[in-house]
Amino acid sequence: MKIFLKKKRTAERLLLPLLFILPLLLPACGGGEKGTAPEGEEGTAPDAGSHRPVLTIAEQYGLAYAPLQIMRRKAFLEEELPGYRIDWQRLGNTAAIREAMLAGRVDVGFMGIPPFLIGYDRGMEWKIFTGLSEAPLGLVTWRKDIRALTDFRPDDRIALPQPGSIQHILLTMACERQMGSAAALDDNLVTMNHPDGMQALLGRRDITAHFTSPPYLMEELSEPGMRQVLSGTEAMGGEFTFIVGAALDRLLWKDPAAVEALRRALDRAEALLRDHSEEAVSILAGEYDIDPQRLRVYLEWPGLSYGRSVKGLEEFISFMRASGYLEREFGSRDVVEEEK
Amino acid sequence: MSTNAELSERGRRRRQIGVVLLLLIIWEAAARLSGVSPLLFPPVSEVVRTLISDLGRGVLPGRIGYSLLIVAEGVGIGLAAALLLSLAGHANRHIGMAVDTLVALMHPLPGIALLPIVILWAGVGHTAVLLIIVHSVLWPLTTSITAGIRTIAQHLYDVSRNFRLNPARMAVHLIVPGIFPHMMSGMRIGWARAWRALIAAEMVFGAAGGGGGIGWYIFQKRVFMDTRGLFAGILVIMLIGILFESYLFDAVERITIRKWGVSR
Amino acid sequence: MSAVPLLEARKVGFRYGRNSCLFKGLDLTLHEGEFLAVVGPSGCGKTSLLKILGGFLTPGSGTVYRQGLPVQSPSPHAVMVFQEFDQLFPWKRVWSNVAFPLKAGGKISVSEDPAAADPSEKKGPDRPREIDRRVEEILREVGLYEFRRYFPYQLSGGMKQRTALARSLVSRPPILLMDEPFGSLDAQKREELQGLLLRMWDEHGFSVVFVTHDISEALVLADRIMVMRLPEEKAGEEGGPGTAAAGGRGPCASDDSVQSIFLDIDLPRPRVPQSPVFREYYRRIFRLLGQEGVDDRDSSQ
């Protein structure tokens, strides 16, 4: 009896640590290892025998991502890349996309430049391979007494998406430019996603101002009493690309043809958009569930344009490094994968 | 002079610490040897280094303080409200039934589920988080205090009446000590729920400016891709949880219900 | 003895439930310094009677008067001591339990006779010291001073009851109402505590109503014994006004002239259970309680 108990305890003693090791080793199994390409193993449909390569693309909701939605609905990429399976994912926010790409579960993601730079700075192996859109960004307030950044009082609250977002970085740029200190408004910031931020702004109670992007920007400004205090271009001191496309290094090395095909498909989508064609409008109206007339107004909003150039990269890099958001030394050439 | 129970308690703690050290070693080895990017799985040594530097630089203590303070506030409010509800329910049968029903409805709701409603009613910020915490502790405490009131010996009420105790004195001498064992178990449950709800709420609500708690700290680490800091924040949460559940509550029980010989 | 009885119950009746009546038309008087025992089988209402006397229960009929004034609620003037051990606060040490009436209750002395102004009645900063002095004094009397820092769970049954006794007497109440306080103790402990109670009664001069089902105990302790019987026991009863024996009908008889049966116990203390007179009393009470015919000549002189 005693021997049995002793055995049991020893077994228990070994079992317990074993049970704890397994979950810790999970990240090692799932992905994120350098140099391995999950060739078609992720989400592979049980095609009899065939190993179709899969391209996983993460998009987000918003007018700035319109080319993606057009491309998806018109299956442009499927045409440029026959034989591939395109896996579209819509993740909650930029951080989630970044994490999914870090883990290797997503190949291509679209986001603002600052979140990309932070990832690159921390060691993520990815590059910008295209621009997507330029868009008007603005700081909107309901308060009559606020006409400039200097008018904000200590207990005023400014809502914007998470720290490190392009809105946050632009605001700090403007603070540096107008008030001499990038952190001047840091204590006034509140993190809210765009829908919540808009709701809070319209409620005129919880927050004083909202730094936002299309279509929320348009909706807020069409509300009587709302005024824009700062625009993105003012903050930047020039034009800049709002959303860029990033791809994992591993994709760029192993399958540059797919990246080229992606670029071509985007060109086609943007052509459709550029003319504000009926087709584009109806597709997007369905996607966003917005009245087509209103959508047309938004599409024609000054400052909103779609194109694949990347602007403002150097300015972002130097500002963020100077402000301490980036630690490593690198230049715009290091982070962009040029077109052939 | 240590009793047998205390000696085996100490032995148990030593074994626990041993297991923890073993896990840490395994973690370190796995992180360094597995070839996984440190962005995904940082070694514990680096996490600890980040933890110490953030504690020293002053950011983390403030966050920890904020979280603990708001939990204390919420628990205090919840405890007072639970006492009120339980006493009222004990005094009047109909109120008692209403309270029981209310508890049965609200108890199963996790605090996070109420988040959207709370945001609508209370905005974001201190009040909203406080409401979530109060919700987390109120129902388990009410349940346990109600049970505790029923276990108070009837004779003690008679003794109190004999000497014409006013309600305030009755509360202090009779009710509060009487419900203590049950209240402690309700408190353990409530605190665990509140702590979890708080961290989650902080991550969602973010913070206004310079404030914010540990959940906010973790959220910031995430968006700035500071995985070591992220793990450090998680470690802090675990440590605080252990501190409360294995040490603080234990200590309170030791100087109260175990001293009185009424531990459950 | 003073003219006004310390405690008086007039035509007190009590029922629980709609139809079950425990007793009706019951009279009782308690004089200063008197030790009255109430004897009867379980279920006859002794505890309820005691609670009515203490003001813990409201009688269905009749009134209880304490020093001429009607009793409506419990009061520190009449302190109850229970049989069960859970009457002590488990979270208070012996000292705190005993000090409780003085600390939480109010006045130190409950004597209502202005002529007997208690010199210990102090106010202000002297009060804590006075409380300590009283508590120490009574703890020494019951022999628990060395155990004053113990918690109830660390005490034996006898020690617990001694603590309860000390607590009930620390404020020097004029009346003690005891509900089978030694019923949970073994025979030896019971004797010890009976002796202690008598000593303290002799020393302090309070009055006692002592409920018990143990005839011996009642005889050892009391000046007077009230015998209560169950209703069924009225079969074959003589009685009615005018008979030499104040023959008690059983309770809940339909007429109102029910008297309780009181026996004066004329025995010197300490009482010796083996003595023939003692045994004679015993038999008498036993018969009063029993089925047989009763020769209940009032045994007073």
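User: Which element of chain A has the lowest confidence, and which the highest?

Analyst: Chain A has a mean pLDDT of 85, with 85% of its residues at 70 or more. Confidence is lowest in helix α1 (residues 2-30) of chain A, at a mean of 56. At the highest end, with 96, is strand β10 (residues 243-248) of chain A.

User: Where in chain A is the pLDDT below 50, and how many contacts does that stretch have beyond near neighbours in sequence?

Analyst: The pLDDT is below 50 over residues 28-49 of chain A. Low values call for care, because predicted coordinates should not be read in detail there. With that in mind, the number of contacts this stretch has in the model beyond near neighbours in sequence is 32.

User: How many residues of domain 1 of chain A touch domain 2, and which elements give two or more of them?

Analyst: Domain 1 of chain A covers 15-134 + 240-335, and domain 2 covers 136-236. In the contact between them, 24 residues of domain 1 of chain A meet 16 of domain 2. The elements giving two or more residues on the domain 1 side are α4 (94-102), α5 (113-121) and α14 (313-322) of chain A.

Terms used: Residues numbered from 1 in each chain as written. Chains lettered and ligands numbered in written order. Predicted model: local features only at pLDDT ≥ 70, side-chain atom pairs only at ≥ 80, totals over all residues. pLDDT = per-residue confidence, 0-100. Helix = DSSP H or I, 4+ residues; strand = E, 2+ residues; numbered from the N terminus. Contact = placed C-beta atoms within 7 Å. Domains from an automatic or database assignment.
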